[in-house]
Structure formats: C-alpha cells, structure tokens
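Take a first walk through this model.

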Amino acid sequence: MKRFEYEDACIKCSLCVTACPVYRVDQQFPGPKALGPDWYRHYQAGEAKPMEHVSDCTFCQLCESACPVDVPIAHLIAVHKELASQSPRLAVRDYLLTHPQWLAMVPSLVKLPKQLGVPLGISSSTQWPAPSPLQRSRRHRTHQRQGSATRRIGIFVDCFTRGFDSETLLAASAVLEELGYTAVPLPSASHCCGAAAYASGLLGEAERTARSTHRAVRRMTSGLEAVVTLNATCDDTLRVEWPRYFGLTIPVPILPFVDFVLDRANPGFFERIHGLPGQELIYTHATCRSKVARGEGSLFALMERVSERPPQILEISCCGAAGSYAFKTEHTKVARALGHRAKEVMGEPGIILTDSGTCAIHLQELTGCQTIHPARWLHGQLKRQEVLR
Amino acid sequence: MSSKTAIVVGRGPAGMLSTSYLLQRGYQVTVLAESDGSLGMWPGDFSFGRTTDAFQAFPIELSSAEWSQAFGELVALYRSFGVTLVLPQAQDIPHTVTAIGNMRPTFATPNWQYASSEPESLVFVGIDGLADSIVGAQAATYRRRSGCEAYEVSLSRPPGWDSSWGTIRFAAYLDGDAGASWLAATLREALRGVPSGIPVVLPQVIGLEHTEKLLTQLSEVGKRSVSEFPLLSPSIGGVRVRDRWERLLRQQGVRFVSGRVREVQPVPRALLTDGRSFEADCLLLASGGVLGGGMQVTVDGAIVDELVNREVGRMDHLDALDAHGHREIDCLGGGRVLAVGRAMGGWNPNRDHNGGAMLLATVRTALGMCEEVDR
Ligand code: SF4
Ligand code: SF4
C-alpha cells in the first residue's frame, strides 16, 4: 500500500464537515474532520484509541472532494475503521459483505429468508436485490462478436451487475453496438474492485482483491479503445484509487458509461430517442462517488438531450445505500434517513436513473418509483423506437 | 440550446457569481473545480469597504449608477435561489456584529444576519456546548465598541448534545421539530427579565433549510427582532447560500466537473490533471480566492504568487499549474481568458473589507469583456 500524501495538511476549515451527509442526520457521528485528520494525528503520535461510531462513515468521499488541501480524509477514516475493534459476529458478516464477488457467483443466496441474516447483523428491513445472474450462454454470445473488425470497448462487469443486474450489462452492450462498437465484457470470472473491503476498513483485503482483479482485467485489455464502467464506485476505484493507493494501472482509458455515450454518440442517436412520444418523467441521481470522481451533471446533460420531457434532478446528497452499508443492521436508520429525502423532493412520480445498482434498489424501495441504470432506459427507448418504426 | 459556451474555474463566490451571470447572458456553463469553494467559510454578506465615500479607491471603479445596478442584479439573483439580501436604506455603511463582539462593516446582507446602520443596544445569546459562542467576552467588547448596552443570556445544552456537535449539527437539529421547539422554549425562558423591544442576536446556527421561518416565528413570539451573528468557519450562512445556489445551477443545467486544472491555453482550453480537456468560447478563472492562494495578475501580464512574491507565469499561456501546488492555481487575463474575484490583482478585501465590491466589479468587468470579444 502506498503512503498517503497530504495526510497532515489539514487547515481546519471544516468544509469537509459541511459536505458530509452522515454528519447531518446522525447525531452521534463525530464527522470527517474528527475521525480523519484529527484522529490520525494522535494515531501517528501513538496515542489514539479508535472512536465510537467510526464505522458509520459510508466512505462516500464527499468530504475529500470538498477539502481544499487534498487531505485523504475518508482513507484516513478507513485506517481508523481498521483499528476499531468489532465483535467477531460482525467481523464474519463484514468479511462476507466485503466479498461481493462470492455473492455474485451464487446470487440466489439472497432468496434465503432474511431472518437468517439477523444474527449476523444483516439488516432485515433493507431491500435485497433480486438475483439476475449473467447466463453462461449470454456470456458466450457476447464473446463471439469479438472477432469482427469494429472498434472494441471493454465493459467492466462489477459484482453487482454480474450477480443481480445482467439486464444492465446487456443493455449497455446493445447501446454501444448501436454506436458502432463491439462490447467486450471483462473480466471473465467474478471479481471485485476492492471498494467494499476498503470502505469497511479491511485495507489488506482491499489490496489483495484489487490485485487479483487487476490481473484478470489487464489480460483482456489489448486491442480495446477504452473500458467503460457501469457503477460509479467501481469507476472511481479502477481509475483513481488503484493507481493512487495500490500502484495498479490499466493501459486504456476508463470511463463511465454515461460519459462515454455523451462524448461519442452522434446527434442522430440523441434525436432518434428524443422524438419518442409518451416518455415518463425522468429523475437523475448522481451517486456520491460519481460526483467525487467526475463531477455532477453528465447524466442530467445526457437526459436533457434524449428525454422528451425536461428531466429533473433528484435533489439529495447521498441516498444512504453506499454499497453494502445499508445492509448492516447498525446502519439501517441512517441509511433510511438519507434515502427518505428522495421521496420528499419528488414532486410527481417518475423513473429514477442512477449508475449504481445498490443505490437503485435502495431508492426504489424508499420512493416506490422504478429505479434503473441509464443504459437500461436508453436501450428500452431504442427498442421502442424499432417497434414504433 | 445556446451556442455560446463558457468555462468557469473555481466554485467559490466569484465562480458562482460568474456562472449565474453567464447563464443569464445565454451561455452554457461548465464549472471546473477540484474542491469546494470558500462559500462555506464566509457568512454570505457582500461588503463594500468601510465607507461609501467618494474617495474610496477601488482597483475597478464603477459609477454610482453602475454600483446600484450591480447590487440590484445581485439581490434579484439571490431571490431566485431563495435568499433575501437586504440593501442599506441610506448612504451609510451598515455593520454586523462578530462572534467576539466587534462591529464589522457589511453592505448587502442576507436577511437572517444582523445588520444596522446605527449602534444600538442588543441582547447577545450564547449557547452552551457551541464552540465560538463566548457571550460574556462578546457582550463586553460590544459594549466598549458601540457605547451601547449589551445584555447577555445563555441557553443550556440541548438534549442529546455531545462533544461532536459542531455548527452544522446544531443547525440540522434546529431544522427539525424537536430542535425548533427546544429553541423556542429555552429562548423564551432566557429572555424573561430582559427589557422588551431590544433586538436579539443568536449565533448563526438557526437551521439550514428553515432559517427564515424559525427566525420569523421567534421574532413574532418574542415581539422583538431576532437575527444571527456569523461564526467562524464553517459558516452556516455561507453553507445555506452555497447549497441553495448550487441546487439552482444544477437545475439550470450547469455541469460541475470535479478535477484539477493543470493548464489553461488561450484557445480557451482547460486541461485537467486526469487528462480531460474542455474548450469553450470564454474561460473565467475564479480560483484565486481564499483557498486558491491569492495569485495576482499584474498590469504587465505577469502572474505573481503574492505569498512568496514569485512570478509563476504569463497571461498568454499558463502551464504546469499543478506544479505550483494546488493552492496556487491562477490566472491570466485579456481576450477570452479572464480573471475574476481575488485572482484579479490589486484587491485586498481582508484589509479593506470590500470583498463584495470586488466580486461584483471583477465579474461585471470580465463579462463585459467576454461580450466585446464575441462581437
Ligand atoms: S466518507 Fe462520506 S460519510 Fe465518511 S466522513 Fe466522508 S463525507 Fe462523511
Ligand atoms: S476540509 Fe480538509 S482542511 Fe478543511 S477541515 Fe476538513 S480535512 Fe481539514
């Protein structure tokens, strides 16, 4: 693991505290400044005990993106989490939840009665995803296209997509094809970028996971123009965190699906979808990690170009899902408090688009409105257009 | 869809103001910023120097008609995202009070913040458990400075308080029903015995979203004016302004890109350290503020890092911006790339208390130049 930079640069402006979504809803949460740079100073002096509630941090990194002097606040908090002692029961659960790639191999496990998870500290009130694994036959089919002479774009198949949202992968592949590319799903077996482990403070595990996935991805990048991602957290992890914290690089550009489409599609593509009658009202939700990694507004800009009705922004900060965060019993209250705002800010029902599967199930549960990846919406519109033609 | 495009670097007050005014002029705007701006460290009032006196020298002079037009536009802009800015009635410069009891000049002031042209007797309210709330010292200083009476009352810690409660936590608590009723009840109790009619000033933590409603209710029930005095960073007034302003800009289709600018080319084009590049018809550099490190463009076109008095580039082409350190990214002027806010040389708002005038004058001038180049 690489050493941190600027870990002691804090100028105590507290802008991180103003950006932290958990600090606003959780009355005991000490906040990014106290848990990160303040604590780390004591820790380096050898005198720090872990603080209570450190694990309530969602690792959304909004604090880091607010900080004017680049203090790696959330990453210092991850070190803090690593030191916080936890009951063996929760340690088992966290170990399982930080290996979503295993769950992605046997997604039907989530169909077991929820009560079974309660002794482990798994929330029984947070909605679990429905399994929708990638079928072998589908995998096979996508692979066969690789021989053609078109431009090839990799799609990083994250654990969630692999186990629970193969529809999004198929939709994204179809949209890329429509734009004239061949989509290559990678890696071939179930792997995780390591973000889940890092978020829980299992830093060694995060690095091991990342290294193995890096090997599997790198092998498949030759001849690719770029790799697009379907999940904002994986996107930020692959492009920014891997090189910064583990020294792992991918030789081709890594881009979120939405940015790729916005950048590469020609006006004809947008116009074809734009003209379709009878579209529902669209709300866009930029996930925390996409704000941190790339900024806000590209999903909204894409929807402005393709949606017949003007899209609206779901005006919330963090929805509270935060990967596996909402699935842990002790976080259910905070996760729901954050997510509830979504319902409050929606004037009328509509469809919510967001590039994270866990945010999607959380938002769908709390708002009652269908929430899907933008690729699926685009693909749906393309299919409608074919029928209408 | 608009044909003109603009890039704004920085999302502090100068960047936000530029963005809003560019939108009004039909530009499509992309904001590039690597961190939050200084809005959350600034109470959100616009200052205009110590006096309105005609001899006050600003690096950019506007006529009094232009000033009043500029402030009028500002008030309308703030209204569009839900903040009421109050302008002084008379020619005098009003003052607000600080956490340590000083009288600081202000000019256009959000209606939640205390401002007055004349010194007057005040009731200072402290809240136990809130850092920077030092009502005894505050009242003593105010008495000395203003020559007026200063009453002091203290509210006890709210239920559930612990040492992790900063200003944001207090504000979020008071936004909720439990917090609002706690405040109403304890304040009523504390003000018993204080002569009626004397205005009350509270630390600036009275909610983030429901501030105006809370203060109006407290004023009506207590039959006296109730407003806030600003605290140090993070400044809740600025956070309110920031959150509401950004919400409006997002809805107006502004893209907020996270990333560090490494190089600005005269095209104009901005290159980010992560390899992305952005081009537009004009580019405004609003990154020289409190957090940007205070770089200046001198009259001969050199860009100088004021802190170490070192020339770091020329106005015609800036590169290796990141090598100067992320606190020092700055500025070039002329043509389609212009500097606004503190990035524009010659202003020293810390000394002159004219930060508001600086923002309005520099943004206004830069926009005028953009339009000229377009023609
Ligand atoms: S990572 Fe997110 S939840 Fe954690 S301290 Fe930072 S802003 Fe708060
Ligand atoms: S934003 Fe950065 S510099 Fe400011 S208090 Fe937080 S860690 Fe420190």
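Predicted model: local features only at pLDDT ≥ 70, side-chain atom pairs only at ≥ 80, totals over all residues.

Residues are numbered from 1 along each chain as its sequence is written.

Chain A holds 20 helices and nine strands. Helices are DSSP runs of H or I with at least four residues, strands are runs of E with at least two, and both are numbered from the N terminus. Of its 389 residues, 61% are buried, meaning under 20% relative accessible area with a 1.4 Å probe, protein chains only. Take the contacts in chain A between residues at least 6 apart in sequence: 78% join residues at least 24 apart. Contact means heavy atoms within 4.5 Å.

Helix α15 (residues 267–274) of chain A packs on helix α17 (residues 298–306) of chain A at about 65 degrees, with axes 7 Å apart. The two are therefore roughly perpendicular, a term for angles of 65 to 115 degrees. From α15(A) come F270(A), I273(A) and H274(A); from α17(A) come L302(A), E304(A), R305(A) and V306(A).

Now move to chain B. The axes of helix α5 (residues 177–191) of chain B and helix α6 (residues 211–222) of chain B come within 11 Å and cross at roughly 30 degrees. So α5(B) runs roughly parallel to α6(B), the term for angles under 35 degrees. A180(B), L183(B), A184(B), L187(B) and R188(B) of α5(B) meet L214(B), L218(B) and V221(B) of α6(B).

Terms used. Chains lettered and ligands numbered in written order. Heavy atoms only, no water. Axes fitted to C-alpha atoms, helices over the stretch in contact; angles between N-to-C directions. Parallel < 35°, antiparallel > 145°, perpendicular 65-115°, else oblique. Buried < 20%, exposed > 50% of the residue type's maximum accessible area, 1.4 Å probe, protein only.
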